[in-house]
Amino acid sequence: MMALRLGLVAGALVIGAAWIVSQSPAPSTAAYIGSAACRRCHAPIFDRWKLTRMANVVRDPREYPDAIISDFTQPNPLVTFTKDQIAFVYGSKFKQRYFKKVGDDFAPFPAQWDVTHRQWRPYGVTGATSGLCDGCHSVNYNVERKTVTEWNVGCERCHGPGSEHAASPAHTNIVNPSRLDPMAAVDVCVQCHSEGHPHAPIDGREFHWPVGFRVGLRLADFWRLDDHTLGATDTLHFADGTARENRMQGNDFVQSLMYTRGVTCASCHDPHGTPNNADLVKSTRLLCLSCHGPKSPNGPHTATIEQHTHHQPGSAGSECVSCHMPKIAQMLGDVMVRRHTFKFIVPAEAERLKMPNPCTTCHTGKTTAWATAALKTWPEFSPWRVGS
């Protein structure tokens, strides 16, 4: 067995041939200055990011007249407001929500636009957005003054305050998530892509985002993921503990073997923007095959991908994500997003736990018994794991 080499070299932890850099946060004296300041030196990256949904999740329709994508031309009992009353819109891919100004805060209107089906749906969330949304949809949200350095997910949301770096660019005065250890790097995304709560109310108020956290610090000191009782189905979780709703990618991912092995969100996604769906660094098939080619030590262990999937090349069933990342977490209505545990959900086990499985989610006319019988004919499947 190859010996494990462990040591410290120039501030980096070396494990075998892998470098894990534990970078400290940007200096506490640094101030937030806004994303526009980054363009001077990082123009190509800035220009890509500027087109992403990260950079455009919150839009003021007075500044961007095309921001409202819903249909106000037909009367609808859900729509109790007019375009002129909308101060901000949130979202554009799956849904769009609308907010009004209330004092020094914002509050949601009771209807949201389903982009997929082009129809209005009720939105039952009430309360001030300062506690619900604004900390993740902005940079440097101040809970007392209710002010931001900028709306949207700007550069400093993931890199920390940039004044010192802008004045004297160096690796040591800005946080680069790619230089963080895997847990800290994932926390950059988990801070917003998860359901949880601060450890205690802040000034008697409840917040749905980690107040006080900034990249480079330890997220667990500010935030706890929502609890789940194994075997129980609740609003947010299936019985096996995985997500029933969107915005729980972090809750899912930290349960995965990928996370345990040091894979990070940025291994698959580039938040600066790509031409691929979900800002993937490659198309889904090519991305998975980067690490999981036939006979790979990481699996699958068959000679070809088709021998592993038992589906025709090019079909939906031959895509890795169809079985390992099924769309079972609800966005709204019947619009679903992908699970991020990467575990295959055995149909018999899913039926016992009263949760969906990827076989009958795709083969909608088939039963769990059919799926179980089919899996028993696949030679690489253990009969002890397929179920009865």
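By class, four nonpolar, three polar and five charged residues make up the lining of the largest cavity, where Ala, Val, Leu, Ile, Met, Phe, Trp, Tyr, Cys and Pro count as nonpolar, Asp, Glu, Lys and Arg as charged, and the others, Gly among them, as polar. The model is a predicted one, in which local features need pLDDT of at least 70 and side-chain atom pairs count only at pLDDT 80 or more, whereas totals for chains, interfaces and linings use all residues. Residues are numbered from 1 along each chain as its sequence is written, and side-chain values use heavy atoms, with hydrogens and water left out.

The residues that line the largest cavity are Ala 243, Glu 245, Asn 246, Arg 247, Met 248, Gln 249, Asp 252, Ala 329, Val 337, Arg 338, Arg 339 and His 340. Helix H6 (249–253) and strand S14 (335–338) are the elements that give two or more residues to this lining; helices (H or I, at least four residues) and strands (E, at least two) are DSSP runs, numbered from the N terminus. The volume of the largest cavity is about 40 Å³, and a search of the whole structure finds one cavity of 30 Å³ or more. On a 1 Å grid over the protein atoms alone, a cavity is a set of points where a 1.4 Å probe fits but cannot get out, while a pocket is an open set with protein on both sides within 12 Å along at least five of seven lines, and lining residues have an atom within 4 Å of a point. Grid points are joined across faces, edges and corners, and a volume is the space filled by probe spheres set on the points.

The second largest pocket has a volume of about 290 Å³. Of the 17 residues that line this pocket, Tyr 32, Asn 140, Tyr 141, Gly 212 and Phe 213 are the closest to its centre. Its lining divides into nine nonpolar, five polar and three charged residues.

Confidence can be considered next. The protein chain has an average pLDDT (the predictor's confidence in each residue, from 0 to 100) of 91, and 93% of the residues score at least 70. Over residues 1–20, however, pLDDT stays under 50, and for this stretch the model has 26 contacts (heavy atoms within 4.5 Å) beyond four places in sequence.

Turning to the aromatic side chains, rings of Phe, Tyr and Trp (its six-membered ring) pair if their centres lie within 6.5 Å, with planes under 30 degrees apart counted as stacked, over 60 as edge-to-face and the rest as tilted. By this rule the count comes to 21 aromatic pairs. In one of them, the rings of Phe 106 and Trp 151 have centres 6.1 Å apart and planes at 85 degrees, so the pair is edge-to-face. Because Phe 106 lies in strand S7 (residues 105–114) and Trp 151 in strand S10 (residues 150–151), the pair ties together parts that are 45 residues apart in sequence. Phe 106 counts as buried at 13% relative accessibility, and Trp 151 counts as partly exposed at 22%, where buried means under 20% relative accessible area, exposed over 50%, and partly exposed in between (1.4 Å probe, protein chains only). The rings of Phe 207 and Trp 209 also form an edge-to-face pair, with centres 5.6 Å apart and planes at 85 degrees. Phe 207 is buried, with a relative accessible area of 2%, and Trp 209 counts as buried at 5%. Phe 72, Phe 81, Tyr 98, Phe 109, Trp 113 and Trp 120 form one aromatic cluster.

Trp 151 is also one of the residues that Val 58 touches, together with Phe 88, Val 89, Tyr 90, His 137 and Asn 152, not counting residues up to four places away in sequence. Val 58 is placed in strand S4 (residues 58–59) and is buried, with a relative accessible area of 4%. Asp 60 lies in the loop between S4 and strand S5 (88–90), and is in contact with Ala 87 and Phe 88 when its neighbours within four places in sequence are left aside.

Some backbone details remain. A cis peptide bond, with omega about 0 degrees, joins Gly 299 and Pro 300, and Pro 300 is in the loop between helix H8 (284–289) and helix H9 (305–309). Arg 118, although not a glycine, has a positive phi of about 50 degrees; this residue is in the loop between S7 and strand S8 (119–122) and counts as exposed at 53% relative accessibility. Asp 279, likewise not a glycine, has a positive phi of about 55 degrees and is found in the loop between helix H7 (257–260) and H8.
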